[in-house]
Amino acid sequence: MTFTRDELAEKDAQDPLAFTRARFFLPEGIIYLDGNSLGALPFAAIERANRVLKEEWGRSLISSWNDHGWMDLPARVAARIAPLIGAGADEVFVTDSVSVNTFKILSAALQLRTGRRFIVTDKGNFPTDTYIAQGLAAHLGEERAALRFARTDELEAALANGDVAAVLFSHVDYRSARIEDMRRITTLAHAHGALAIWDLSHSAGAIPVDLNGAEADFAVGCGYKFLNGGPGAPAFVFAASRHHKAMRQPLSGWLGHASPFTFSTDYVPADGIRRMAAGTPPVISMSVLDAALTAFDGAPMAALRRKSVALTSLLIELIERRCAGHGLKLASPRDPDERGSHVLFSHLDGYAIVQRLIARGVVGDFRAPDGVRLGVAPLYNRYVDIWDAVAHLADLLATREWDRPEYRARKAVT
Ligand SMILES: *Cc1c(COP(=O)(O)O)cnc(C)c1O
């Protein structure tokens, strides 16, 4: 299917989700295709940040813990996230980072599967997931915890010994955007007595997720990507309710205690998901995330997914048509059913190309070793954004204007 820019502008005009774009502050002159790395700023977040600073912290001071519901914030934010991921509100807690929450649930999984010491994950998984598993293994010692690498298509063999406590995979791969079959892999893990843990960082808020439909055991996910909670926003952790009674996590801080304000000597875990808490919630960033999630109001996940598929498909089609002959190669699944909400193209000079693209106002990112990654956020990206982004890309490839030393010099954050 080929479109003209005018036809795409018409698609934007007809788009039933067009109304959500106005909920975001989007700087003039920027085409933002990096919402999978840091979501754009919702206006509601600005307003809420002002209120929580001036009215709540400023005026009400410490009484805000009760009067402005600060203590309940993690549960309230969890209730907004739960429907996006197919979970019950009482199965989700918002706290800490993905890394810290991964440590907690890997520990919980090993403890629920005593006698099994392996955690299986993919070498290509997002590094922090692997690093945390390595750190936990080093901490517990190799008799109690060890790592085994396997891709999902090698999982059956990796599970065969009956020594695997848990498998840990990303639902959507951060490089290729490939969607894993959550139900199939979870069922396979269960058939071998292992628990299934999912990292939803690149899927929550971008594609439909059904944790309970897949009978997933635990999950973690990111607050600052498609959920738009702002840099370093708190992450979320999911534990299926059937595990709540037995699960333990080692960061047994006071706010995961059954009765924090009793100030008793011994730790007694809270009932339910709240035992995933360790310390005090970051009220300012949690409030901002809470407000940011209102950007999903009235925008059903199924409709967001349809738009996301249309935009990533358009992106691939336009790049392959208009940038042909310049060495870009699709590194994401071509089948939209297997693709999340970003697209990866490989190119030997991908880093410099992304830098030049950013200098032209089209913001994507680079993922080593050679990935040009462009994300689509269906809450605020338009069809014409895709057209305009590819027009820039085609032009800068044709002129080779990316081929300059300043675009090759690596920055700390890529
Ligand atoms: C972004 C991302 C993280 C981020 O982890 P933090 O500890 O919150 O910084 C973890 N895992 C995956 C798969 C991610 O994409």
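Q: How many helices and strands does the chain have?
A: Helices (H or I, at least four residues) and strands (E, at least two) are DSSP runs, numbered from the N terminus. Here the chain has 13 helices and 15 strands. This is a predicted model, where local features need pLDDT of at least 70, side-chain atom pairs count only at pLDDT 80 or more, and totals for chains, interfaces and linings use all residues. Residues are numbered from 1 along each chain as its sequence is written, and side-chain values use heavy atoms, with hydrogens and water left out.

Q: Which residues are around the ligand?
A: A residue is near a molecule if one of its heavy atoms lies within 4 Å of it. In this model the residues around the ligand include S97, V98, S99, F126, T128 and D129. Others among them are S170, D199, S201, H202, Y224 and K225.

Q: Which elements give two or more residues to that shell?
A: Those are α5 (98–112) and α6 (127–140).

Q: What lies 2.5 Å from an oxygen atom of the ligand?
A: A polar contact is a pair of N or O atoms within 3.5 Å. A polar side-chain atom of K225 is at that 2.5 Å distance from a ligand oxygen. D129 has a side-chain N or O atom 3.2 Å from a ligand nitrogen, and a polar backbone atom of V98 is 3.0 Å from a ligand oxygen.

Q: How much of the ligand does the protein bury?
A: Accessible areas come from the Shrake-Rupley method with a 1.4 Å probe. Alone, the ligand exposes 390 Å², and the protein buries 88% of that.

Note on methods:
Polar contact = N/O pair within 3.5 Å; in protein donor to acceptor, adjacent residues only side chain to side chain.
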